[in-house]
Amino acid sequence: MSQSLLINPSAFEAGLEAIFAARSTTNEAQAAAFARFVKLRLPNRKVEGWKWSDISAATRKLAPENAPESAQIIAPTPFAALDPIECRIVNGRIELPAEPAAEGFRCGLSDPVATIPELETHPVAALNVALTGKALEMEIAEGVSFGRPILIRHINTGVGFSFAQTVLRVGAGVRAALIETYEGDGAGFYSHLFHTVARDGAVLERYVLHDTGPDSIVHAICAAKVDGAARFDQTSLSTGGRLARHETHVHYWDPKSAGRINSAALLCGERHNDFTTEVLHLGEDCATRQLHKGVAADRGRNVFQGKFHVKRGAQKTDAQMAANALLLSETAEANHKPELEIYADDVECAHGSAVGALDEDALFYLRQRGLDEHEARALLVDAFVGEVVDGVENEIVREVFHARVNAWLENV
Amino acid sequence: MLKIDDLHVAVGDAEILKGLTLEVPTGEVHALMGPNGSGKSTLSHAVAGRDDYEIASGSVTLDGEDLLALDPNERAAKGLFLSFQHPMEIPGVQTMNLIRTALNAQKKARGEEEVSAADFIRTIREKARLVGLDDAKLKRPFNVGFSGGEKKRMEMLQLAMFEPRFAIMDETDSGLDIDALKMVGEVVNALRGPDRGFLVITHYQRLLEYIKPDRVHVLAGGRIVKSGGARLAHELEKSGYEQFIEAA
C-alpha cells in the first residue's frame, strides 16, 4: 500500500484507508470524497457538533476490517402486518426485495452518489461516499397510488465496519411510507447515508426504529429535499447503542413545504443516542414541528441537537421545536442544544428544552392509588414518551412503537 | 378502626407531629380541624406513606394491621384512600385508563378478580354523573386543564370507584363552590356505613353541614388538643383557633 495520507491515524482509520486503497472500483468522486475525509477525519469531542458524541473515541478500539458476510438467521420484522416491500442491508450488503415490485415502483442497485452538496463538509458523509460499494435506489413514479410501505432493515452482526447508501425519489403527488429498522447484535461501525427527494405535493412518512445491541456504533444520515407543498414527516424511536447518532437534514427549497421531525430515545445501561437535526427553510411559508423526548436511566446518555435555519427569503416560516429529557438516575445524562438561526423578519419560530427527573408528587399520587413503584414510574415514563409515539398516524407502526416502549419499561 | 398512637413525624429537620393520638372507629366519620401549619396535611401524607416524611416514633394501624410497615400502594390495597388537597395532573395518561389501572392493581394485590372493561366503563360513567363530571372528561389526560373544582370532583369519583375501607379527605372543601360542597356531602353520605370510616380534614365548619361528623378533633402544634361532638365545630367557627395556637 502507498504511504498513508492520514496523519497519526487510529487503527480504525488506518483500516478504513487500507480498505479504500485496496478497492478496484473506486471512481473519481469517491477519491475526492476520501480526500475530504482525510482532511476532516473522524470527528472527536473537540469538534463542535460532536462534543457529546465522540465517534473517534468510540471507534478507536474497533477491529479495522470489513464486517463479515453474515449468515445469521434474521428474525421476522414486527412490521409484517403492513405487508411491506422489504429490502435488507446486512453488514452493508444490499438484498433486494424477493418479490417483483409494485407498479410505479422501481428498486435496484446503482452507483453511490458523488456527493450531497449540503453535506460536503460532513466527515462521516464523505467517508460513506468514499467507501460505499453500491447504493439501493428506489423511485416512486409521479401520481402512483402506493399503499404498501417500503421497509429497509439495516442488520448488523459481528465486528468491523460497513457502509450503505439508499436513495428514494418520491414523485409529485405521491403519498408514501418508509420504515427503517436498525437491528442486530453487532459490535461494529455501521454508516448509512439516505438521500430522499419529495417532489411537489408529495407526502413522505418516514419511521425509524433503532433497536440494536448495546455495543453497536451506528451513524445514520437522512438528507431530505422537500419540494413545493410537499411534506416530510418523520418519527424515530431509538434505544441507542454504544454510540447511535441519527442525523436528519431537511431542506425546503420551495414555498409551502412542511415537515414534522419527532423522536424519542429510551436509554439504559451505558447506551448513548444522539438525534441531531438541521432544518433549512429557504422557501416562504414553510412549517416545521419538532418534538423530542429522551429518557435516560443508569448511565444512559441522551443527546439532542436541533437547528432551524431560516434564510433571508423564507418569510412566514412557522417553526416550533421542543426537546425534553427525563433522567431516571443520578448518573444518567442529557445534553441538549436547540438552536435558531433566523435571517428573515416575518417568521414565527420558537424552541424550548427541559431536563428533569420524575415528579415525586405524581409518583406518590399514583402509588396512593395502588400502583407499585415500578408501575407508577413506568406509567409516567410511558406518558412522557407517549406524546411522540401517539403522534404516529399509522396505527400498526404506532402499536409496534408502543410495544417497544412497554418492553423497555419492563426491563428498566 | 384507624388507630394512631403517639405519632411523631419530621419533615427535614422540623418535627411537625409531636405525639399525635387519634382513633376513628369503623363506621364513624371524624372531622379534624385546625389552623394553618398545625400538621393536618403532614398527618394525611404520613398515614398514606409518603417517604419523605420521617416517622420518628409511634404507630398507625388500620383494623389492627400496621400501616407503617407497608408501601403506599400496599396501604391503598388494604383499603386506605387519600383525597388529595392538591390533586396531581398526569399528562399523557387518560383518566379512565389511570383509574382502571389503579383499581385493578388494588384488586390484584387483594387477590380479587380484575374488573372487566365493560363493567368498568358502565360503573365509572354512572359514578361520574354522580360527581358531576361528563364523559368527555374521562377520556382526557388525567386532571390536565381541569379547574380546581373539577379536580376535587375527580377525587370524589375515585373515592366512589375504589370504595375504600377508610378515607382521609384532606381539605376536599378548599376551592369548592356550594354545589360542589353539596356533591362531596352526597358522595360521602352515600358511602357512609358500618364497614367504612372517614377522617375529614378541614379548616371550616361549612363542609360539616353536609357531612355530619360523629366526632370533631382539633389539631394544633402537632397534637390533638381537643375532641368533642359535632357542636365543637360550631364553637370553633365562633371562637377561632387562637386559644389552641396559644395553648400549643
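**Contacts within and between the chains**

Author: This is a predicted model. Start with Arg175(A) and Glu393(A): their side chains form a salt bridge, with N and O 3.6 Å apart.

Reader: Which strands supply at least two residues each to the side of domain 1 of chain A that touches domain 2 of chain A?
Author: Strand S7 (175–183), strand S9 (203–210) and strand S11 (231–238) of chain A. S9(A) gives the most to that side of domain 1 of chain A, with four residues.

Reader: And how do the residues on that side of domain 1 of chain A divide by class?
Author: Nine are nonpolar, two polar and three charged.

Reader: Back up a step. Where do the two domains of chain A run?
Author: Domain 1 covers 11–254 and domain 2 covers 359–412. Their C-alpha centres are 30 Å apart.

Reader: How many residues of each are in contact?
Author: 14 residues of domain 1 of chain A touch 11 residues of domain 2 of chain A. Together the two domains bury about 1100 Å², and 77% of that is on carbon and sulfur atoms.

Reader: How many salt bridges does the rule find across that domain interface?
Author: Two. There is also one residue pair in polar contact across it, both residues at pLDDT 80 or more.

Reader: OK, switching to the chains. How many residues does each of chain B and chain A put into the contact?
Author: Chain B gives 27 residues and chain A gives 17. The area buried between chain B and chain A is about 1900 Å², with 65% from carbon and sulfur atoms.

Reader: Which residues in chain B lose the most area to chain A?
Author: Arg50(B), Asn73(B) and Met88(B). Together they make up 30% of what the chain B side buries.

Reader: Which residue does Arg50(B) form a salt bridge with?
Author: Asp361(A). The closest N and O atoms of that pair are 2.6 Å apart. The count between chain B and chain A is three salt bridges.

Reader: Why would such side chains pair?
Author: Side chains of opposite charge can pair when their charged atoms come close.

Reader: How many residue pairs are in polar contact between chain B and chain A?
Author: 10, with both residues at pLDDT 80 or more.

Reader: Which elements give two or more residues to the side of chain B that touches chain A?
Author: Helix H1 (40–48), helix H2 (72–77), strand S6 (80–83), strand S7 (90–94), helix H3 (95–109) and helix H6 (148–162) of chain B.

Reader: New topic: helix packing. At what angle do helix H1 and helix H4 of chain A cross?
Author: Roughly 35 degrees. The axes of helix H1 (residues 11–22) and helix H4 (residues 123–131) of chain A come within 10 Å.

Reader: Which residues meet there?
Author: From H1(A), Leu16(A), Ile19(A) and Phe20(A). From H4(A), Leu127(A), Ala130(A) and Leu131(A). By class, the contact of H1(A) with H4(A) has six nonpolar residues, no polar and no charged.

Reader: Last one. How many salt bridges over all chains?
Author: 46 by this rule. One joins Arg153(A) and Glu183(A), with the closest N and O atoms 2.7 Å apart. That pair links distant parts of the chain. Arg153(A) sits in strand S5 (residues 150–155) and Glu183(A) in strand S7 of chain A, 30 residues apart.

Note on methods
Residues numbered from 1 in each chain as written. Chains lettered and ligands numbered in written order. Predicted model: local features only at pLDDT ≥ 70, side-chain atom pairs only at ≥ 80, totals over all residues. Heavy atoms only, no water. Domains from an automatic or database assignment. Contact = heavy atoms within 4.5 Å. Buried area = accessible area lost by both parts, 1.4 Å probe. Salt bridge = Lys/Arg side-chain N within 4 Å of Asp/Glu carboxyl O. Polar contact = N/O pair within 3.5 Å; in protein donor to acceptor, adjacent residues only side chain to side chain. Nonpolar A, V, L, I, M, F, W, Y, C, P; charged D, E, K, R; others polar. Axes fitted to C-alpha atoms, helices over the stretch in contact; angles between N-to-C directions.
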